[in-house]
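The following exercises concern a predicted model. Each task is followed by a solution in steps.

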Amino acid sequence: MDEVILRSERLTKSFGKFIAIDNIDLKFKSGIITSIIGPNGAGKTTAINLLTGALHPDKGKVFFKDKDITSLTPDQSVKHGITRSFQIMNIFPMLTVLQNVELPLLSLLGKNLKWFYAVSRYRDVAEEAEKILRELSLWDKRNKVAGELSHGDQRALEMGMAIAPKPEMCFLDEPSSGTNPLERASILELIKRLAEEGSTTFVIIEHDMDVVFSLSDWTIVMNKGKVLAEGEPDEIRQNKEVVEIYLGEEV
Ligand code: ADP
Ligand code: MG
């Protein structure tokens, strides 16, 4: 349980002259929920992009279970068991709720959109999609066009797309952003349940400190492209430097 499942070594990424990720060693332990916090612009999303193949580092490496995955594409990363959701909503608004969840399942089999019409031939896909949608409480809305869902339901759906391939590791980039308190609570509940029931290791970027402290077993604090501190939520809450960078924001 306690072993490191994914780690980076001296990871560095610049945009022009700006160093967004500055020589960092990240470590994620298997079977727990880790949260990454830090002010806007700290480099949290960039870090996830580098760990999941959306971006490639200027220097440094990423290892997943000791295999070098630094130069994988996002598709290859999914095939290795690593998925992610996006800070900015990334569902397919014109497709139905069901199709949105079927899509990543089909793509794992090397099939694309046109296979929707033949999805009944893939019983595993249909069964898995149903299971996920029931878990998300979206089964009743399966035939709705995804763009018509409430924001909270869209956020839940996006999470469903990320967990559909049954990843070993799943990164969620601000999964509750833009939701109201009720929606937020239900998304958190969902993450908790998925983490408890499944075998997925979750890493969550989150802005809301209450969320961080109620949900995560381990917290990594980033600031200016570096890791400022990491530890159990209680330690982090009392860390002076951490409190300072959050002064003026709601702690
Ligand atoms: P966070 O997710 O912690 O808010 P980001 O990782 O999105 O921060 O961004 C870190 C810094 O890198 C920010 O200053 C941002 O403007 C910059 N940045 C991110 N992506 C790009 C890009 N594609 N081109 C130029 N600058 C970028
Ligand atoms: Mg971000």
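For the classification of lining residues, Ala, Val, Leu, Ile, Met, Phe, Trp, Tyr, Cys and Pro count as nonpolar, Asp, Glu, Lys and Arg as charged, and the others, Gly among them, as polar.

**Exercise 1. Characterise the lining of the largest pocket by class, origin and centre.**

Solution. 
1. Under this classification, the lining of the largest pocket comprises 12 nonpolar, six polar and four charged residues.
2. The lining has 22 residues in total, and those nearest the centre of the pocket are Asp-75, Val-78, Arg-84, Phe-86 and Pro-104.
3. At least two lining residues come from each of α2 (74-79), β7, α3 and α5 (151-163). The greatest contribution is that of α2, with five residues.
4. The space in this pocket amounts to about 560 Å³.

**Exercise 2. Describe the second largest pocket in the same terms.**

Solution. 
1. The volume of the second largest pocket is about 270 Å³.
2. Its lining consists of 14 residues, with Ile-163, Lys-166, Leu-194, Gly-198 and Thr-200 closest to the centre.
3. Both α4 (123-135) and α6 (181-197) provide at least two lining residues. The most come from α4, which gives four.
4. By class, five residues of this lining are nonpolar, three are polar and six are charged.

**Exercise 3. Identify the protein atoms that coordinate the magnesium ion (ligand 2), and locate the residues that carry them.**

Solution. 
1. The coordinating atoms are OG1 of Thr-45 and OE1 of Gln-87, at 2.0 to 2.3 Å from the magnesium ion.
2. Thr-45 belongs to helix α1 (residues 44-51), whereas Gln-87 lies in the loop between β7 (82-85) and α3 (97-108); the pair therefore ties together parts that are 42 residues apart in sequence.
3. A residue is partly exposed when its relative accessible area lies between the limits for buried, under 20%, and exposed, over 50%. Thr-45 has 25% relative accessibility and so counts as partly exposed. Gln-87, with 29%, is likewise partly exposed.

**Exercise 4. Determine how many residues of helix α1 are buried, and name them.**

Solution. 
1. Seven of the eight residues of α1 are buried, so that the helix is mostly covered.
2. These residues are Lys-44, Thr-46, Ala-47, Ile-48, Asn-49, Leu-50 and Leu-51.
3. Just after α1 comes Gly-53, which adopts a positive phi of about 90 degrees.

**Exercise 5. Count the aromatic pairs and classify the geometry of the rings.**

Solution. 
1. Rings are paired if their centres lie within 6.5 Å, and planes over 60 degrees apart count as edge-to-face.
2. The ring centres of Phe-28 and Phe-171 are 5.9 Å apart and the ring planes stand at 90 degrees, so the pair is edge-to-face.
3. Phe-28 is in strand β3 (residues 27-29) and Phe-171 in strand β8; the pair thus links distant parts of the chain, 143 residues apart.
4. Phe-28 and Phe-171 are both buried.

Methods:
Residues numbered from 1 in each chain as written. Chains lettered and ligands numbered in written order. Predicted model: local features only at pLDDT ≥ 70, side-chain atom pairs only at ≥ 80, totals over all residues. Heavy atoms only, no water. Donors = N, O, S within 2.8 Å, 3.2 Å for Na, K, Ca; no water. Buried < 20%, exposed > 50% of the residue type's maximum accessible area, 1.4 Å probe, protein only. 1 Å grid on protein atoms, 1.4 Å probe; cavity = no way out; pocket = protein on both sides within 12 Å on 5 of 7 lines; lining within 4 Å. Points joined across faces, edges and corners; volume = space filled by probe spheres on them. Phe/Tyr/Trp six-rings, centres within 6.5 Å; stacked < 30°, edge-to-face > 60°.
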